[in-house]
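User: I'd like to learn how to read salt bridges in a protein model. Can you walk me through some?

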Amino acid sequence: MGGFLSNLKPENSLEVLNASCGPVRGNIYRHDEKIINGYLGIPYAMALAKELRFTKPVAAEKWKEPRDCYKYGPGCPQSGDKISTLLPPGHRKFSEEHCLSLNVFTPSWKSEDFENGYPVMVYFHGGGFEIGFSSNFDDYSLSGTLPLKEVIVVTVNYRVGPLGFFTTCDDVALGNYGLWDMTLSLHWVQKHIKSFGGDPNCVTVFGSSAGAIGASYLALSPHSNKLFHRYMSMSGAAWWDTAIRPKKLEAEICERFAKHHGYSGNDSESLLSWYKDQPVIKFLETTGVETKASGMGHFTPVFDGDFFPKPFDQLQKMAPKLDVLVTVNEYEGLGFLGLFPNRTSDLVVIASVFGPDVVKNPEEVQRKVLDFYMKDVDQKDATAVDKRLIEFISDSYFNFPALETVRHATRAGNNAYLASFDYYNMDAKDPYADWFPFRAANHNSELKYMLGEGMGKFEPIEEEFKVMDMVQRLVTNFAKYGNPNGKPSEPQTWQKFSFDKPFSYYKIDYPKSEMKDNFQNGRLKIYDEINASGEKNRGILYSIQKEKEEKFYYLWTWTYWVRRGIPGPIGWPFIGVFLNSLDENFPGPLQVMEWTKKYGKIFGFTEGLMKTLVISDPDLVQEVFVKQYDNFYGRKRNPIQGNSEKEKRTNLFSAQGFRWKRLRTISSPTFSNNSLRKINSTVEDCALELMRHIEEQTSEGQQIDMLTFYQEFTLDVIGRIAMGQTDSQMFKNPMFPIIKKLFQGSYSRLFLIGGVLPPFLVQIVRQILLKTMKMGSFRKINEITMNAVNSRVKQREEDEKNGIEPGEPQDFIDLFLDAKAGDIEHFGEDNEDFTKSTSYTNRQLTTEEIVGQCTVFLIAGFDTTALSLSYSTYLLATHPEIQRKLQEEIDRECPDPEITFDQLSKLKYLECVMKETLRLYPLGTFANSRKCMRTTKLGNVEVEAGTMVQVDTWTLQKDQNIWGDDAEEFRPERWESGDEHFFQKGGYIPFGLGPRQCIGMRLAYMEEKMLLAHILRKYTFETGPKTEIPLKLVGAATTQPASVWMHLTPRN
Ligand code: HEM
């Protein structure tokens, strides 16, 4: 109680106000010529007797005799041992029976602006749901703040600690009593505030810390969100993972507390009786009771299925329109690091937020988060380390929930304002500052400027009076007009949150406040990444009646695009369009092309819980793959493929975020011209080996299926450059049938099923597949690679022992073993995230990761390159004049028996042929997809985090608007100028686009050029009776020709 006017005493007025709740007499607070009336300690609920403990509050009855409302009512009994240190002596008046009271501060004069009464601001105090009470705010000081700006302020006591939040996780004690208290106080406001001069149709709920969280819970719950019109959350918000718990978890904590104090029963009723029997003083004794849960408090709100009848995101969508204003202070976490005085490591601080109740793989997430915060910090610099931990606490507890709140609200069509309060007066007295590592605006710093009372004594200096005026003006404007800038005629300096500028916020400072674009310096991306990774336990947001919800969630997702007004095929309940991907004779990409014809250049479909947006507009493609790469850096993945973030053997194709950046940095040099030059002779060896087989099998003029021949070739190349294979194994490679199976329709369909299974089944099916079914093929490939990598490592160790100098790298395995991210030149990504990533601590690949990369090169490079060769062959055979022109180029540029790397680069027309082939027959179209990691806008469409975006490459690359009237024709000449500005950016993506573009592109070109050059020097492709014209295209997720039968006619 050190409010700036706490030296003053109010006059007790004898005048009776005949309020609708009952007659009251209140205080007079004089501020120059203005008078604020204050009515303190008005009961809004019936007295709580013992049997009413742990029940919802019941409205107080109207009284008849005038009640003296001169003094604050007693606070609700507190919880936790912390309280004794935080409460100033003389302010420890508590009463369970009479604590549910509120206080009204109202201007005494009649408003000229508000005919229907003053706007009302209802304040809920903070205290982590365990402590706090409204009398903590000196009444004289409070009366000298917001009410002077023509609003009514109501402050409220609500139950805290076990009295407010005890739960048995069943109907015996549902919990959340404190939230029901808040709700009842809002009913009181609706019913009675008119008698105090207020307008019940203009009510703003606001709160700080736990009160802020409470305010945003009230905005979500259908029991409370029609009782007010706007809300302000200051330093706390609903989307704070550890502020609310799944009810089972909280019930366990409640039981643990009771057992710690001697309770020995094991059923809900006896536990309830035990709690009912305890004197309230017992609830202070939390020391020694482990919560075994993330977050700081023992007794918290829960997902009870009652106050919160649905998951938060659904409640948000159903809620009425409410304006929202959210603020944080610059260093919210400054005072909280002190809660970890004896921490053994920095991980402890991170673990307090990301425990097993919050994320599925706590250790990995914690490590990832720690790496993120500490990435460029010298660990010996304790001050710098502490600062990062403070940032972590600020972000995880306050900043990210604040951002999430404005995002959710904006998405639901509400006006939302976000600010950071950065003002801190170094000259001001701040009794707590000495406890903190440094001085800056911290948790609750803004409160004293808003309500005249903060932590400790508040003796404002001159400048601070100006800050008070500014802050109070902003918040009362919001309460009056739903806009902190005031009426629309006022300068609109504080802009609404918008996804167009997803990190913009208002920096409140003195003398200047202004809009900024980089909320928390972009640090909050890591939280989006964790959310999007699927790491969060669904219990965090969806803990109620899980199965029922799951079913509902499926149906809810199924109608997702319909509800969003986005066209697209709807498919079937639960599974969406999944069945369409099962027809081997109508491959997925062709199906998508048909849908584009029907629904246009942007449409959506669902497969189980997966939501996909399909685009075929080049501008949007450019937007997703390049301009907004930061928002779309993940790839569409089927859940059955596992979680790339947690697999030891994750690979470049699947990984995302930092792990991807690291892998990409280390892998890139492997595909540089320099490295490719070194493997030129291996690739040529493979080409010559294939030539021998061709010669053998066409000696009597037979047709051969070039698809199989090309697959043998690409497998041989990749086997020799990435899998430790020492010599050619063409047509006898034991891996061939294994890898072919992987690409067969039935196999890839197994993958697709993963998309529609409920999450818990995905894991089970994945395990079964991994162990027993064809996925075993995948394991075999891994085993082969693992053996190769291990024996290379051993070899190197032995060489070292024997003093043998390491020679030139022989293949990718050597290159990987030698690679270190730190040694690697940046390779062209101009993405900010990427640039930062080079400082990632672990600069070398683990053996597991090397295996992962080599295996993915096999899978990504084997079929694609063979198919591209097959399509080229078909197109050449059906366009003999183009084939002839190509042969002339090859004869001219490659006259010697051997073909060198430099000669390959001179085969320009061949390059045009390959480009044109890939335009007409795009491959890997499923790879041309992204996962939205952060909600953003694509054109006019808002894309929510977690949505997949897939390009319809087939439509895009044959679009007449991009390619002209001859778009359907095979015309390599269109590429001949070498200047690719002739087509629109984003219009051609056979190898993808942007930072995640195919890493193997140059290798693929090299292989194709080498082989086609050798073949076409000797033979001419000619169609025959077995050749399918047009090609029959088959496949599930991919498209490929069923066969490419050819005559290879020897040239003269
Ligand atoms: C004609 C042959 C090939 C085609 C058409 C092709 C196509 C693609 C496409 C469309 C992507 C997705 C790009 C994006 O997301 O922006 C991709 C990614 C990838 N490709 Fe290829 N690819 C081919 C050959 C290869 C080869 C030979 C290798 C390796 C030996 C390879 C390795 C990869 C890898 C590792 C990725 C993931 C890159 C990342 O996410 O950072 N590809 N490829």
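**Reading the salt bridges**

Analyst: Let's start with a group: salt bridges join Asp376, Lys387, Arg388, Glu391, Asp395 and Arg523 into a network. This is a predicted model, where local features need pLDDT of at least 70 and side-chain atom pairs count only at pLDDT 80 or more, while totals for chains, interfaces and linings use all residues. Residues are numbered from 1 along each chain as its sequence is written, and side-chain values use heavy atoms, with hydrogens and water left out.

User: What is a salt bridge, and how many salt bridges does a search of the whole structure find?

Analyst: Side chains of opposite charge can pair when their charged atoms come close. Here the rule is a side-chain nitrogen of Lys or Arg within 4 Å of a carboxyl oxygen of Asp or Glu. Searching the whole structure gives 52 of them.

User: Which residue forms a salt bridge with Lys149, and where does the pair sit?

Analyst: Lys149 pairs with Asp469, with 2.9 Å between the closest N and O atoms. The two come from distant parts of the chain, 320 residues apart: Lys149 is in the loop between helix 2 (139-143) and strand 9 (152-156), Asp469 in helix 13 (residues 462-481). Helices (H or I, at least four residues) and strands (E, at least two) are DSSP runs, numbered from the N terminus.

User: Is Lys149 buried or exposed?

Analyst: Buried means under 20% relative accessible area, exposed over 50%, partly exposed in between (1.4 Å probe, protein chains only). Lys149 has 17% relative accessibility, so it counts as buried. Asp469, at 31%, counts as partly exposed.
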